[in-house]
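User: Hi! I've got a model to go through with you. Can you walk me over the main points?

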Amino acid sequence: MYLRRNIFDMNLINFMDQFPDEESCKMKFKAMRDEAGVTCRHCGGKDHYWQKTIWMYECKKCKTRTTLRSGTVMQASKLPFRYWFIAMHLLTSTKKPFSSLELQRQLGHKFYEPIWYMMQKLRKTMGIRDRAYQLDKIVELDEGFFESVDTELSKEEKPIKLKRGRGSQKQSKVIVMASTVHTLKAPEKHKKQTKFRYVKMLVVDNLKSATIQEKVEQNIQKDSLVKSDNYKGYTNIKELVWSHQPKTVKPKEAAKVLPWVHTMISNAKRNLLGIHHMISKKYYQDYLDEFCYKVNRRYMGDLLFDRLLFACVSYNYKKFIHVT
Ligand SMILES: [Zn+2]
């Protein structure tokens, strides 16, 4: 429905033709890194020589060497480049999410943990990328409740046997925002009157007005029109945007007044819970980031792989090495 065009352009055959082995993946990774630019961690210099024989960048000023992986999403990872490429391909070429357990099985890798960390870092990259943007135009605002597990027992995707007192099924509270525009055509009966553009889903500890205000300020442009129900936590939003239109909404009519946030919440639930069974509260944001990233780039087609790869080589990952 919402991911209808182009997403399958990078199919498995194309992917295998382009990246038949470790060498081809490394070459592509290096090309992307050259494009993004390498920064010396010692002096901040941007100019480097490429030392072909040792596969390292060398700073022209201070001679500090940087490995191909250092400072990228692959920093500290011992997994082959090809694993990362396969993971990125799966993340960008399928509508559905892909569990780490399934990826581990497909790769024939002995251990689950490194595969889980790899997937998690890629999800975090998607999240960082999307947080660089603010929503605008007409923004629907609502909250959603997602079934999650409040436990430290597992790395989430495996069904967990809950022990009494150790963890409990919880609902993650999520603020959902959908940017829309009016359709130019006269809307047909029963069709939505606005066209969907982008979505954000933000896990929060509570739905107090201070929390909501902070998220609105960070994620919605000041010149936007915000639509919501008249929940008391939304009271001060009018101070933060051009116009706030709260409406008294009967539960049955919620989908009419805020159609796109409702569609997105039910799509996300179906999308995530169909694959992952249970997701820990602690990691819920990462899974939602993957969902939103894909929805927001639904028209990018096979460019999506390159965009994700570019994001992977562009960020300073020091902060994200330990994904916990
Ligand atoms: Zn340097």
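Predicted model: local features only at pLDDT ≥ 70, side-chain atom pairs only at ≥ 80, totals over all residues.

User: OK, what about C59 and C292, buried or exposed?
Analyst: C59 counts as buried because its relative accessibility is 1%, under the 20% cut-off. C292 counts as buried too, at 3% relative accessibility.

User: Zooming out, how many helices and strands does the chain have?
Analyst: There are 10 helices and eight strands. Of the 324 residues in the chain, 48% are buried. If you take the contacts with a separation of 6 or more, 67% of them are between residues 24 or more positions apart.

User: Nice. Which residues have the most contacts inside the largest nonpolar core?
Analyst: Those are F29, W84, F85, M88, L103, M118 and L122, in a core of 34 residues. The helices that each supply at least two residues of this core are α2 (22-36), α3 (81-93), α4 (100-107), α5 (113-131) and α10 (303-314). The largest share, eight residues, comes from α3.

User: And M118, what is it in contact with?
Analyst: Apart from neighbours within four places in sequence, M118 is in contact with L79, Y83, W84, A87, L103 and L107. There is also a second, separate core, which has 24 residues, including Y112, V199, W260 and I279.

User: Back to the helices. At what angle do the axes of α2 and α3 cross?
Analyst: Roughly 75°, and the axes come within 8 Å. The range for roughly perpendicular is 65 to 115 degrees, so α2 and α3 are roughly perpendicular to each other.

User: Which residues meet there?
Analyst: From α2 you have E22, C25, K26, K28 and F29, and they meet F81, R82 and F85 of α3. By class, this contact has four nonpolar and four charged residues, with no polar ones.

User: Last topic, where is D302 found?
Analyst: D302 lies in the loop between α9 (284-296) and α10. It counts as partly exposed because its relative accessible area is 40%, which falls between the 20% and 50% limits.

User: How many residues along the chain separate D302 and S93?
Analyst: They are 209 residues apart along the chain, and their C-alpha atoms are separated by 7.7 Å.

Technical notes. Residues numbered from 1 in each chain as written. Heavy atoms only, no water. Core = buried A, V, L, I, M, F, W, Y, C linked by side-chain atoms within 4.5 Å. Buried < 20%, exposed > 50% of the residue type's maximum accessible area, 1.4 Å probe, protein only. Helix = DSSP H or I, 4+ residues; strand = E, 2+ residues; numbered from the N terminus. Contact = heavy atoms within 4.5 Å. Axes fitted to C-alpha atoms, helices over the stretch in contact; angles between N-to-C directions. Parallel < 35°, antiparallel > 145°, perpendicular 65-115°, else oblique. Nonpolar A, V, L, I, M, F, W, Y, C, P; charged D, E, K, R; others polar.
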